[in-house]
Amino acid sequence: MTLLTQNNDSIIIQDEKDLGNQLFPVFLKLNELHTVLVGAGNVGLEKLTAILTNSIYASVTVIAENILPAVHLLCADFTGVKIVQKSFAASDLDNADIVVAATNNNVLNEQIRKAAHQRKLLINVADKPELCDFYLGSIVQKGDLKIGISTNGKSPTVAKRIKEVLNEGLPNELNITLQQINNMRNSLTGDFTDKVKKLNEATAVLVEPTPQPVKNFKWLVWGTIIVSIAIAVAALWFNEPGFRVYAQNINPVFYYFLGAGFLFALIDGAIGMSYGVTTTTFSLSMGVPPAAASMGVHLSEILSNGIAGWMHYRMGNINWKLFKLLLIPGIIGAVLGAYILSSLEHYSHYTKPFVSLYTLILGIVIFTKAFNLKRKNASGKIKRIGLLGFGGGFIDAVGGGGWGSIVLSSLIAGGRHPRFSLGTVKLSRFFIAVMSSLTFMSMINGANWNAVAGLVLGSALSSPIAAKISNKISAKAIMVSVAIIVIIISLKSIITFLIKL
(Lines give C-alpha, C1' and ligand atoms only; values in the text may rest on other atoms or scores of the structure.)
Protein backbone atom coordinates (compact mmCIF):
# COMPACT_ATOMS: atom_id res chain seq x y z
CA MET A 1 0.00 0.00 0.00
CA THR A 2 1.30 3.46 -0.90
CA LEU A 3 0.13 6.63 0.83
CA LEU A 4 0.83 10.30 0.16
CA THR A 5 1.62 12.68 3.02
CA GLN A 6 0.54 16.30 3.12
CA ASN A 7 3.91 17.14 1.54
CA ASN A 8 3.19 14.62 -1.27
CA ASP A 9 5.92 12.30 0.00
CA SER A 10 5.30 8.62 -0.73
CA ILE A 11 5.16 6.13 2.17
CA ILE A 12 5.18 2.39 1.55
CA ILE A 13 3.07 0.46 4.07
CA GLN A 14 4.10 -3.18 4.36
CA ASP A 15 2.04 -4.05 7.45
CA GLU A 16 -1.32 -2.68 8.54
CA LYS A 17 0.16 -2.15 12.02
CA ASP A 18 2.43 0.50 10.50
CA LEU A 19 -0.66 2.63 9.91
CA GLY A 20 -0.97 3.31 13.65
CA ASN A 21 -4.04 5.14 14.96
CA GLN A 22 -6.65 5.19 12.18
CA LEU A 23 -9.24 7.23 14.06
CA PHE A 24 -10.41 10.38 12.32
CA PRO A 25 -10.53 13.34 14.78
CA VAL A 26 -13.78 15.32 14.66
CA PHE A 27 -15.04 18.16 16.88
CA LEU A 28 -18.83 18.04 17.22
CA LYS A 29 -21.20 20.92 17.88
CA LEU A 30 -23.11 19.18 20.65
CA ASN A 31 -25.18 22.28 21.30
CA GLU A 32 -26.78 21.63 17.88
CA LEU A 33 -27.12 17.85 18.30
CA HIS A 34 -29.19 15.68 20.63
CA THR A 35 -27.14 13.30 22.79
CA VAL A 36 -28.74 10.38 24.60
CA LEU A 37 -26.80 9.08 27.59
CA VAL A 38 -27.97 5.76 29.00
CA GLY A 39 -26.77 5.20 32.56
CA ALA A 40 -26.47 7.55 35.53
CA GLY A 41 -24.07 5.79 37.86
CA ASN A 42 -20.43 6.71 38.41
CA VAL A 43 -19.48 6.01 34.79
CA GLY A 44 -22.50 7.90 33.51
CA LEU A 45 -21.58 10.84 35.75
CA GLU A 46 -18.07 10.81 34.31
CA LYS A 47 -19.35 10.80 30.72
CA LEU A 48 -21.91 13.53 31.42
CA THR A 49 -19.28 15.68 33.11
CA ALA A 50 -17.00 15.33 30.09
CA ILE A 51 -19.81 16.33 27.72
CA LEU A 52 -20.95 19.35 29.72
CA THR A 53 -17.42 20.52 30.47
CA ASN A 54 -16.72 20.81 26.76
CA SER A 55 -20.20 21.93 25.62
CA ILE A 56 -22.09 23.75 28.35
CA TYR A 57 -25.13 24.25 26.08
CA ALA A 58 -25.27 20.59 24.94
CA SER A 59 -28.70 19.00 24.58
CA VAL A 60 -28.55 15.75 26.57
CA THR A 61 -31.20 13.28 27.65
CA VAL A 62 -30.11 11.02 30.52
CA ILE A 63 -31.99 7.72 30.80
CA ALA A 64 -31.51 5.39 33.77
CA GLU A 65 -33.40 3.38 36.34
CA ASN A 66 -31.12 4.45 39.18
CA ILE A 67 -29.66 7.95 39.27
CA LEU A 68 -26.86 9.19 41.51
CA PRO A 69 -27.64 12.36 43.50
CA ALA A 70 -24.46 13.84 42.03
CA VAL A 71 -26.00 13.58 38.56
CA HIS A 72 -29.03 15.63 39.68
CA LEU A 73 -26.67 18.13 41.31
CA LEU A 74 -24.60 18.46 38.13
CA CYS A 75 -27.62 18.84 35.86
CA ALA A 76 -29.12 21.60 38.03
CA ASP A 77 -26.71 24.11 36.45
CA PHE A 78 -27.39 23.09 32.83
CA THR A 79 -30.73 23.87 31.20
CA GLY A 80 -30.09 21.61 28.20
CA VAL A 81 -30.03 18.41 30.24
CA LYS A 82 -33.15 16.30 30.74
CA ILE A 83 -33.25 13.35 33.18
CA VAL A 84 -35.69 10.49 32.57
CA GLN A 85 -35.81 7.81 35.27
CA LYS A 86 -36.94 4.67 33.42
CA SER A 87 -35.71 1.48 31.84
CA PHE A 88 -34.10 1.83 28.41
CA ALA A 89 -36.25 1.23 25.35
CA ALA A 90 -35.07 1.27 21.72
CA SER A 91 -37.55 4.05 20.99
CA ASP A 92 -35.54 6.35 23.29
CA LEU A 93 -33.08 6.74 20.42
CA ASP A 94 -35.63 7.84 17.82
CA ASN A 95 -34.72 11.52 18.15
CA ALA A 96 -31.05 11.02 19.03
CA ASP A 97 -28.02 12.15 17.02
CA ILE A 98 -25.31 10.71 19.29
CA VAL A 99 -25.54 7.84 21.78
CA VAL A 100 -23.43 7.08 24.85
CA ALA A 101 -23.95 3.81 26.77
CA ALA A 102 -22.61 4.00 30.31
CA THR A 103 -24.29 1.13 32.17
CA ASN A 104 -22.62 -1.72 34.06
CA ASN A 105 -24.81 -4.25 32.23
CA ASN A 106 -22.96 -5.74 29.23
CA VAL A 107 -26.14 -7.28 27.78
CA LEU A 108 -27.95 -3.95 27.98
CA ASN A 109 -25.00 -2.16 26.39
CA GLU A 110 -25.17 -4.61 23.46
CA GLN A 111 -28.90 -3.89 23.09
CA ILE A 112 -28.29 -0.14 23.11
CA ARG A 113 -25.56 -0.54 20.49
CA LYS A 114 -27.83 -2.64 18.27
CA ALA A 115 -30.65 -0.09 18.52
CA ALA A 116 -28.25 2.73 17.68
CA HIS A 117 -26.85 0.99 14.61
CA GLN A 118 -30.38 0.17 13.39
CA ARG A 119 -30.94 3.94 13.32
CA LYS A 120 -27.48 4.56 11.81
CA LEU A 121 -26.35 6.42 14.95
CA LEU A 122 -22.80 6.56 16.26
CA ILE A 123 -22.35 5.17 19.77
CA ASN A 124 -19.74 5.19 22.51
CA VAL A 125 -19.85 2.25 24.95
CA ALA A 126 -17.98 2.92 28.20
CA ASP A 127 -14.92 0.72 28.81
CA LYS A 128 -15.63 -1.36 25.68
CA PRO A 129 -13.40 -0.03 22.87
CA GLU A 130 -14.36 -2.86 20.53
CA LEU A 131 -18.04 -1.77 20.72
CA CYS A 132 -17.36 1.94 20.16
CA ASP A 133 -17.84 3.92 16.97
CA PHE A 134 -15.99 6.82 18.59
CA TYR A 135 -14.07 7.55 21.78
CA LEU A 136 -14.31 10.39 24.26
CA GLY A 137 -10.64 11.36 24.43
CA SER A 138 -8.74 13.51 26.90
CA ILE A 139 -9.07 17.21 26.18
CA VAL A 140 -6.65 20.10 26.66
CA GLN A 141 -8.31 23.51 26.47
CA LYS A 142 -6.85 27.02 26.53
CA GLY A 143 -9.79 29.28 25.74
CA ASP A 144 -10.74 28.74 22.09
CA LEU A 145 -7.83 26.35 21.59
CA LYS A 146 -8.90 22.74 22.13
CA ILE A 147 -6.70 19.68 21.62
CA GLY A 148 -8.10 16.14 21.60
CA ILE A 149 -5.84 13.23 22.64
CA SER A 150 -6.41 9.65 21.53
CA THR A 151 -4.47 6.46 22.24
CA ASN A 152 -6.79 4.43 19.99
CA GLY A 153 -8.46 3.04 23.08
CA LYS A 154 -5.20 1.45 24.27
CA SER A 155 -4.57 3.43 27.47
CA PRO A 156 -6.75 6.22 28.92
CA THR A 157 -4.11 6.59 31.65
CA VAL A 158 -1.43 7.54 29.11
CA ALA A 159 -3.85 9.98 27.50
CA LYS A 160 -4.45 11.53 30.92
CA ARG A 161 -0.70 11.94 31.53
CA ILE A 162 -0.19 13.53 28.12
CA LYS A 163 -3.04 15.89 28.93
CA GLU A 164 -1.26 16.92 32.14
CA VAL A 165 1.98 17.57 30.25
CA LEU A 166 0.25 19.71 27.62
CA ASN A 167 -1.78 21.60 30.21
CA GLU A 168 1.45 22.45 32.00
CA GLY A 169 3.49 23.23 28.90
CA LEU A 170 1.02 25.29 26.89
CA PRO A 171 0.68 28.83 28.29
CA ASN A 172 -2.75 30.26 29.04
CA GLU A 173 -1.79 33.25 26.90
CA LEU A 174 -2.31 31.15 23.75
CA ASN A 175 -5.99 32.12 23.86
CA ILE A 176 -5.01 35.80 23.76
CA THR A 177 -2.85 35.02 20.73
CA LEU A 178 -5.81 33.35 19.02
CA GLN A 179 -8.04 36.38 19.62
CA GLN A 180 -5.38 38.75 18.30
CA ILE A 181 -4.77 36.65 15.18
CA ASN A 182 -8.53 36.43 14.59
CA ASN A 183 -8.86 40.21 14.87
CA MET A 184 -5.94 40.59 12.49
CA ARG A 185 -7.48 38.14 10.01
CA ASN A 186 -10.77 40.05 10.05
CA SER A 187 -8.98 43.33 9.37
CA LEU A 188 -6.79 42.10 6.49
CA THR A 189 -7.45 43.33 2.97
CA GLY A 190 -6.33 41.92 -0.36
CA ASP A 191 -6.79 38.56 -2.00
CA PHE A 192 -6.59 35.15 -0.32
CA THR A 193 -2.88 34.68 -1.12
CA ASP A 194 -1.92 38.00 0.48
CA LYS A 195 -3.95 37.24 3.59
CA VAL A 196 -2.33 33.82 4.01
CA LYS A 197 1.14 35.32 3.57
CA LYS A 198 0.54 37.98 6.21
CA LEU A 199 -0.93 35.47 8.68
CA ASN A 200 2.04 33.14 8.15
CA GLU A 201 4.43 35.99 8.91
CA ALA A 202 2.49 36.91 12.05
CA THR A 203 2.41 33.35 13.40
CA ALA A 204 5.94 32.30 12.41
CA VAL A 205 7.20 33.27 15.86
CA LEU A 206 5.12 30.45 17.39
CA VAL A 207 7.26 27.77 15.73
CA GLU A 208 10.63 29.51 15.86
CA PRO A 209 13.14 28.19 18.42
CA THR A 210 13.15 30.04 21.71
CA PRO A 211 15.80 32.76 21.36
CA GLN A 212 18.80 32.09 23.53
CA PRO A 213 20.68 34.88 25.29
CA VAL A 214 23.67 36.33 23.50
CA LYS A 215 26.78 34.28 24.20
CA ASN A 216 28.62 37.32 25.53
CA PHE A 217 25.80 37.93 27.98
CA LYS A 218 26.12 34.35 29.27
CA TRP A 219 29.83 34.83 29.82
CA LEU A 220 29.10 38.13 31.56
CA VAL A 221 26.63 36.45 33.93
CA TRP A 222 28.85 33.53 34.90
CA GLY A 223 31.98 35.67 34.98
CA THR A 224 30.18 37.92 37.45
CA ILE A 225 29.23 34.88 39.55
CA ILE A 226 32.86 33.74 39.80
CA VAL A 227 34.11 37.23 40.61
CA SER A 228 31.36 37.73 43.20
CA ILE A 229 32.24 34.48 44.95
CA ALA A 230 35.91 35.47 44.97
CA ILE A 231 35.04 38.87 46.44
CA ALA A 232 32.85 37.32 49.14
CA VAL A 233 35.52 34.77 50.14
CA ALA A 234 38.25 37.42 50.15
CA ALA A 235 36.14 39.71 52.30
CA LEU A 236 35.55 36.92 54.77
CA TRP A 237 39.17 35.77 54.90
CA PHE A 238 40.99 39.08 55.11
CA ASN A 239 38.51 41.30 56.93
CA GLU A 240 37.09 38.93 59.50
CA PRO A 241 39.61 37.41 61.96
CA GLY A 242 36.81 35.32 63.44
CA PHE A 243 36.48 33.42 60.19
CA ARG A 244 40.09 32.19 60.40
CA VAL A 245 39.75 31.24 64.05
CA TYR A 246 36.48 29.33 63.88
CA ALA A 247 37.97 26.33 62.06
CA GLN A 248 40.37 25.73 64.97
CA ASN A 249 37.61 25.27 67.53
CA ILE A 250 34.41 23.93 66.00
CA ASN A 251 31.47 24.79 68.20
CA PRO A 252 28.43 22.48 68.49
CA VAL A 253 26.40 25.37 67.07
CA PHE A 254 28.07 24.60 63.73
CA TYR A 255 26.46 21.15 63.63
CA TYR A 256 23.03 22.52 64.61
CA PHE A 257 23.11 24.97 61.71
CA LEU A 258 24.64 22.37 59.37
CA GLY A 259 21.60 20.13 59.86
CA ALA A 260 19.20 23.08 59.72
CA GLY A 261 20.76 24.42 56.52
CA PHE A 262 20.57 21.00 54.87
CA LEU A 263 16.93 20.43 55.87
CA PHE A 264 15.69 23.93 55.04
CA ALA A 265 17.42 23.88 51.63
CA LEU A 266 15.74 20.55 50.86
CA ILE A 267 12.37 22.08 51.71
CA ASP A 268 13.15 25.13 49.60
CA GLY A 269 14.08 22.89 46.69
CA ALA A 270 10.77 21.06 47.00
CA ILE A 271 8.44 24.07 47.05
CA GLY A 272 10.67 26.87 45.68
CA MET A 273 10.42 29.03 48.81
CA SER A 274 10.72 29.21 52.61
CA TYR A 275 14.51 28.79 53.04
CA GLY A 276 14.94 32.36 54.23
CA VAL A 277 11.97 32.42 56.58
CA THR A 278 12.72 29.01 58.13
CA THR A 279 16.43 29.74 58.55
CA THR A 280 15.82 33.21 59.99
CA THR A 281 13.22 31.85 62.39
CA PHE A 282 15.65 29.14 63.51
CA SER A 283 18.52 31.65 63.87
CA LEU A 284 16.44 34.02 65.97
CA SER A 285 15.40 31.14 68.22
CA MET A 286 19.12 30.33 68.69
CA GLY A 287 19.80 33.89 69.91
CA VAL A 288 21.31 35.32 66.71
CA PRO A 289 20.52 39.07 66.21
CA PRO A 290 18.28 39.93 63.21
CA ALA A 291 20.99 41.54 61.05
CA ALA A 292 23.46 38.72 61.72
CA ALA A 293 20.71 36.17 61.04
CA SER A 294 19.87 37.79 57.70
CA MET A 295 23.56 37.97 56.79
CA GLY A 296 23.98 34.26 57.59
CA VAL A 297 21.00 33.40 55.39
CA HIS A 298 22.31 35.40 52.44
CA LEU A 299 25.89 34.16 52.76
CA SER A 300 24.66 30.57 52.72
CA GLU A 301 22.46 31.29 49.71
CA ILE A 302 25.39 32.47 47.59
CA LEU A 303 26.71 28.95 47.04
CA SER A 304 23.40 27.06 47.12
CA ASN A 305 21.66 29.44 44.71
CA GLY A 306 24.75 29.59 42.52
CA ILE A 307 24.58 25.79 42.17
CA ALA A 308 20.80 25.79 41.69
CA GLY A 309 20.99 28.66 39.18
CA TRP A 310 23.67 26.86 37.19
CA MET A 311 21.61 23.66 37.10
CA HIS A 312 18.51 25.54 35.94
CA TYR A 313 20.63 27.30 33.31
CA ARG A 314 21.92 23.98 32.00
CA MET A 315 18.35 22.65 31.81
CA GLY A 316 17.17 25.74 29.91
CA ASN A 317 14.85 26.93 32.69
CA ILE A 318 15.86 30.61 32.62
CA ASN A 319 13.60 33.32 31.22
CA TRP A 320 16.31 35.87 30.44
CA LYS A 321 13.93 38.76 29.84
CA LEU A 322 12.31 38.18 33.23
CA PHE A 323 15.78 37.77 34.78
CA LYS A 324 16.91 41.20 33.57
CA LEU A 325 13.70 42.85 34.79
CA LEU A 326 14.12 41.37 38.29
CA LEU A 327 17.86 41.71 38.78
CA ILE A 328 18.67 45.42 39.12
CA PRO A 329 15.56 46.45 41.14
CA GLY A 330 16.05 43.35 43.33
CA ILE A 331 19.68 44.25 44.06
CA ILE A 332 18.77 47.85 44.88
CA GLY A 333 16.03 46.75 47.26
CA ALA A 334 18.27 44.14 48.91
CA VAL A 335 21.18 46.56 49.47
CA LEU A 336 18.82 49.20 50.90
CA GLY A 337 17.16 46.67 53.20
CA ALA A 338 20.51 45.29 54.40
CA TYR A 339 21.78 48.81 55.09
CA ILE A 340 18.73 49.78 57.13
CA LEU A 341 18.69 46.56 59.17
CA SER A 342 22.45 46.75 59.86
CA SER A 343 22.09 50.35 61.00
CA LEU A 344 19.67 49.13 63.68
CA GLU A 345 21.94 46.30 64.87
CA HIS A 346 22.53 48.00 68.23
CA TYR A 347 18.77 47.91 68.78
CA SER A 348 18.46 44.20 67.93
CA HIS A 349 16.57 43.57 71.17
CA TYR A 350 13.77 45.74 69.78
CA THR A 351 14.00 44.76 66.09
CA LYS A 352 13.94 41.02 66.82
CA PRO A 353 10.20 40.85 67.68
CA PHE A 354 9.33 42.79 64.51
CA VAL A 355 11.31 40.34 62.41
CA SER A 356 9.56 37.51 64.28
CA LEU A 357 6.23 39.16 63.45
CA TYR A 358 7.27 39.22 59.79
CA THR A 359 8.21 35.52 59.83
CA LEU A 360 4.87 34.81 61.55
CA ILE A 361 3.04 36.52 58.70
CA LEU A 362 5.07 34.59 56.13
CA GLY A 363 4.28 31.37 57.97
CA ILE A 364 0.57 32.15 57.68
CA VAL A 365 1.03 32.99 53.97
CA ILE A 366 2.79 29.67 53.33
CA PHE A 367 0.05 27.81 55.21
CA THR A 368 -2.61 29.52 53.08
CA LYS A 369 -0.78 28.79 49.85
CA ALA A 370 -0.58 25.10 50.76
CA PHE A 371 -4.36 24.85 50.29
CA ASN A 372 -4.44 26.95 47.14
CA LEU A 373 -1.79 25.23 45.01
CA LYS A 374 -4.13 24.71 42.08
CA ARG A 375 -6.07 27.96 42.28
CA LYS A 376 -5.54 30.24 39.33
CA ASN A 377 -5.24 33.99 39.55
CA ALA A 378 -7.65 35.55 37.11
CA SER A 379 -6.04 38.97 37.25
CA GLY A 380 -3.40 37.99 34.66
CA LYS A 381 0.32 38.35 34.65
CA ILE A 382 2.06 40.80 36.94
CA LYS A 383 3.36 43.58 34.72
CA ARG A 384 5.41 45.65 37.19
CA ILE A 385 8.22 43.15 37.48
CA GLY A 386 10.74 45.80 38.56
CA LEU A 387 8.55 46.90 41.48
CA LEU A 388 8.05 43.27 42.49
CA GLY A 389 11.81 42.70 42.40
CA PHE A 390 12.54 45.81 44.47
CA GLY A 391 9.94 44.97 47.10
CA GLY A 392 11.02 41.34 47.23
CA GLY A 393 14.70 42.25 47.59
CA PHE A 394 14.05 44.83 50.31
CA ILE A 395 11.76 42.64 52.40
CA ASP A 396 14.07 39.66 51.90
CA ALA A 397 17.05 41.56 53.31
CA VAL A 398 15.14 43.09 56.23
CA GLY A 399 13.38 39.88 57.22
CA GLY A 400 16.08 37.38 56.27
CA GLY A 401 13.78 35.74 53.73
CA GLY A 402 10.85 36.27 51.43
CA TRP A 403 12.32 36.40 47.93
CA GLY A 404 10.79 33.05 47.01
CA SER A 405 7.60 33.53 49.02
CA ILE A 406 6.94 36.95 47.50
CA VAL A 407 8.51 36.98 44.02
CA LEU A 408 8.15 33.35 42.96
CA SER A 409 4.63 32.88 44.29
CA SER A 410 3.52 36.18 42.72
CA LEU A 411 4.93 35.21 39.31
CA ILE A 412 3.30 31.77 39.34
CA ALA A 413 0.00 33.11 40.69
CA GLY A 414 0.10 35.69 37.89
CA GLY A 415 0.14 32.94 35.27
CA ARG A 416 3.84 32.59 34.47
CA HIS A 417 5.29 29.15 33.82
CA PRO A 418 6.30 27.55 37.17
CA ARG A 419 9.51 25.91 35.88
CA PHE A 420 10.87 29.02 34.17
CA SER A 421 9.79 31.20 37.09
CA LEU A 422 11.60 28.94 39.57
CA GLY A 423 14.80 28.83 37.49
CA THR A 424 14.82 32.59 36.96
CA VAL A 425 14.13 33.38 40.62
CA LYS A 426 16.88 30.97 41.75
CA LEU A 427 19.50 32.54 39.46
CA SER A 428 18.56 36.12 40.31
CA ARG A 429 18.57 35.12 43.98
CA PHE A 430 22.30 34.42 43.71
CA PHE A 431 23.06 38.05 42.84
CA ILE A 432 20.65 39.32 45.49
CA ALA A 433 22.44 37.17 48.08
CA VAL A 434 25.90 38.36 46.99
CA MET A 435 25.08 42.07 47.15
CA SER A 436 23.13 41.95 50.41
CA SER A 437 25.89 39.83 52.02
CA LEU A 438 28.56 42.34 51.02
CA THR A 439 26.40 45.13 52.45
CA PHE A 440 25.92 43.27 55.74
CA MET A 441 29.65 42.50 56.05
CA SER A 442 30.60 46.13 55.50
CA MET A 443 28.14 47.27 58.18
CA ILE A 444 28.41 44.58 60.89
CA ASN A 445 31.58 44.24 62.97
CA GLY A 446 31.25 40.53 63.66
CA ALA A 447 29.19 37.48 62.89
CA ASN A 448 28.37 34.06 64.27
CA TRP A 449 30.65 32.13 61.93
CA ASN A 450 29.69 28.78 63.39
CA ALA A 451 26.13 29.42 62.27
CA VAL A 452 27.18 30.88 58.90
CA ALA A 453 29.55 28.00 58.10
CA GLY A 454 26.93 25.41 59.05
CA LEU A 455 24.30 27.04 56.84
CA VAL A 456 26.70 27.45 53.89
CA LEU A 457 27.84 23.82 53.95
CA GLY A 458 24.43 22.33 54.75
CA SER A 459 22.53 24.22 52.03
CA ALA A 460 25.25 23.56 49.44
CA LEU A 461 25.19 19.81 50.14
CA SER A 462 21.42 19.59 49.72
CA SER A 463 21.13 21.72 46.55
CA PRO A 464 22.03 18.96 44.00
CA ILE A 465 19.51 16.48 45.46
CA ALA A 466 16.68 18.86 46.34
CA ALA A 467 15.06 18.54 42.91
CA LYS A 468 14.95 14.73 43.14
CA ILE A 469 13.48 14.85 46.64
CA SER A 470 10.80 17.30 45.49
CA ASN A 471 9.38 14.74 43.06
CA LYS A 472 8.72 12.22 45.84
CA ILE A 473 7.24 14.40 48.58
CA SER A 474 3.90 16.17 48.61
CA ALA A 475 4.44 19.91 48.30
CA LYS A 476 1.27 20.52 50.31
CA ALA A 477 2.47 18.38 53.23
CA ILE A 478 5.84 20.15 53.25
CA MET A 479 4.30 23.61 53.14
CA VAL A 480 1.86 22.85 55.97
CA SER A 481 4.66 21.44 58.13
CA VAL A 482 6.94 24.40 57.45
CA ALA A 483 4.16 26.89 58.12
CA ILE A 484 3.26 25.30 61.47
CA ILE A 485 6.89 25.23 62.64
CA VAL A 486 7.51 28.84 61.58
CA ILE A 487 4.29 30.06 63.21
CA ILE A 488 5.00 28.29 66.52
CA ILE A 489 8.62 29.50 66.78
CA SER A 490 7.71 33.05 65.75
CA LEU A 491 4.90 33.19 68.31
CA LYS A 492 7.26 31.88 70.99
CA SER A 493 9.77 34.64 70.21
CA ILE A 494 7.09 37.35 70.29
CA ILE A 495 5.55 36.07 73.54
CA THR A 496 9.00 35.88 75.20
CA PHE A 497 9.65 39.51 74.25
CA LEU A 498 6.27 40.64 75.61
CA ILE A 499 6.85 38.80 78.92
CA LYS A 500 10.17 40.60 79.39
CA LEU A 501 8.56 44.03 78.94
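**Reading helices and aromatic pairs**

Tutor: Let's start inside: F257 and F282 are both buried, where buried means under 20% relative accessible area, exposed over 50% and partly exposed in between, with a 1.4 Å probe and protein chains only. This is a predicted model, in which local features need pLDDT of at least 70, side-chain atom pairs count only at pLDDT 80 or more, and totals for chains, interfaces and linings use all residues. Residues are numbered from 1 along each chain as its sequence is written, and side-chain values use heavy atoms, leaving out hydrogens and water.

Student: How do F257 and F282 pair?

Tutor: Rings of Phe, Tyr and Trp (its six-membered ring) pair if their centres lie within 6.5 Å; planes under 30 degrees apart are stacked, over 60 edge-to-face, and the rest tilted. Here F257 and F282 are edge-to-face, at 5.0 Å centre to centre with 75° between the planes. F257 sits in helix α9 and F282 in helix α10, so the pair ties together parts 25 residues apart in sequence.

Student: Which helices hold F323 and F431?

Tutor: Helices are DSSP runs (H or I, at least four residues), numbered from the N terminus. F323 lies in α12 and F431 in α16, so their pair links parts 108 residues apart in sequence. F323 is buried, with a relative accessible area of 1%.

Student: Why is α11 largely enclosed?

Tutor: Because 20 of its 25 residues are buried, α11 is largely enclosed by the rest of the structure.

Student: Where is the kink in α11 centred?

Tutor: A bend is the angle between axes fitted to the seven residues ending at a residue and the seven starting there. In α11 the kink is about 35°, centred on I302.

Key. Helix = DSSP H or I, 4+ residues; strand = E, 2+ residues; numbered from the N terminus.
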